[in-house]
Amino acid sequence: MLKDALYARSQAVSGLTALIGTRFYNVQAPQTTATPYVTFQIVSADRVHVMGRDSLGRPRVQMDSWGHDRQEAENVNAQVVAAFNRWSGTVASIKVKDTVTLSDGIDIEADDVTLVPRVTSEFEVVYELAP
């Protein structure tokens, strides 16, 4: 599954794991998770159709970097972008052709100091679908 490949990639990049360790979660982090951490979700799941067969997946993936303060969230986001922008290769049996950053470092709700600081980036992941 693509989710497994995303997690494996997050664990393969030392700059990111130095900040978040294994705290890379699909959709929602557990309630008592220590910061910093990353949550991700697949927000669309486009497919490329070739000769009557779906050959490539092209989902958009949102990754939210959470930190104790705004600077920590921004630092984590910088490592997320470094880990996933232009990433390709085979991970967790998924052949990723390319990953492109669509938006980088959107500061969500920066004015609300009652919220855990979050910085969002979005990526398009192009990968081969199983036959």
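## Briefing: a loop arginine, a nonpolar core and its partners

Arg-86 sits in the loop between H3 and strand S4 (89–91). Helices (H or I, at least four residues) and strands (E, at least two) are DSSP runs, numbered from the N terminus. What you have here is a predicted model, in which local features need pLDDT of at least 70 and side-chain atom pairs count only at pLDDT 80 or more, while totals for chains, interfaces and linings use all residues. Residues are numbered from 1 along each chain as its sequence is written, and side-chain values use heavy atoms, with hydrogens and water left out.

**Overall layout**

- The chain contains three helices and six strands, and from the N terminus on the elements run α-α-β-β-β-α-β-β-β.
- Of the 131 residues in the chain, 40% are buried; buried means under 20% relative accessible area, exposed over 50%, and partly exposed in between (1.4 Å probe, protein chains only).
- Among contacts (heavy atoms within 4.5 Å) between residues at least 6 apart in sequence, 58% join residues at least 24 apart.
- The chain exposes about 7,100 Å², and carbon and sulfur atoms supply 49% of that area. Accessible areas come from the Shrake-Rupley method with a 1.4 Å probe, and for residues only the protein chains shown count as cover.

**The nonpolar core**

- The largest nonpolar core has 24 residues, and those with the most contacts inside it are Leu-6, Leu-16, Phe-24, Met-63, Val-80 and Phe-84.
- At least two residues of this core come from each of helix H1 (2–12), helix H2 (14–20), strand S2 (37–50), strand S3 (53–66), helix H3 (70–84), strand S5 (94–108) and strand S6 (118–128).
- With five residues, H3 gives the most to this core.
- A nonpolar core is a set of buried Ala, Val, Leu, Ile, Met, Phe, Trp, Tyr and Cys residues joined through side-chain atoms within 4.5 Å.
- Leaving aside residues up to four places away in sequence, Leu-6 touches Phe-24, Phe-40, Val-61, Met-63, Phe-84 and Trp-87.

**Aromatic rings**

- A search of the whole structure finds seven aromatic pairs.
- One of these joins Tyr-7 and Phe-24, whose ring centres are 6.3 Å apart with planes at 55°, so the pair is tilted.
- This pair links distant parts of the chain, since Tyr-7 is in helix H1 and Phe-24 in strand S1, 17 residues apart.
- Tyr-7 is partly exposed at 33% relative accessible area, whereas Phe-24 is buried at 4%.
- The rings of Tyr-25 and Tyr-37 also have centres 6.3 Å apart, but their planes are at 70°, so the pair is edge-to-face.
- Tyr-25 in strand S1 and Tyr-37 in strand S2 tie together parts that are 12 residues apart in sequence, and Tyr-37 is buried at 11%.
- Tyr-7, Phe-24, Phe-40, Phe-84, Trp-87 and Phe-123 form one aromatic cluster.
- Rings of Phe, Tyr and Trp (its six-membered ring) pair if their centres lie within 6.5 Å; planes under 30 degrees apart count as stacked, over 60 as edge-to-face and the rest as tilted.

**Salt bridges**

- The structure holds six salt bridges, each a side-chain nitrogen of Lys or Arg within 4 Å of a carboxyl oxygen of Asp or Glu.
- Arg-58 and Glu-124 meet through their side chains in a salt bridge (3.3 Å, N to O), linking strand S3 to strand S6 across 66 residues of sequence.
- Both partners are partly exposed: Arg-58 at 32% and Glu-124 at 23%.
- Arg-60 forms a salt bridge with Glu-122, the closest N and O atoms being 3.4 Å apart; Arg-60 lies in strand S3 and Glu-122 in strand S6, so the pair ties together parts that are 62 residues apart in sequence.
- Arg-60 is partly exposed at 32%, while Glu-122 is buried at 16%.
- Arg-86 returns here, in a salt bridge with the side chain of Asp-98 (2.6 Å, N to O); Asp-98 lies in strand S5, so this pair ties together parts that are 12 residues apart in sequence.
- Asp-98 is buried at 18% relative accessibility, whereas Arg-86 is exposed at 52%.
- Salt bridges that share partners join Lys-95, Lys-97 and Glu-128 into one network.

**Backbone details worth a look**

- Most residues other than glycine have a negative phi, and most peptide bonds are trans.
- Arg-86 has a positive phi, near 65°.
- Ser-93 also has a positive phi, near 65°; Ser-93 lies in the loop between S4 and S5 and is exposed at 73%.
- A cis peptide bond joins Thr-35 and Pro-36, with omega about 0°, and Pro-36 lies in the loop between strand S1 (24–26) and S2.
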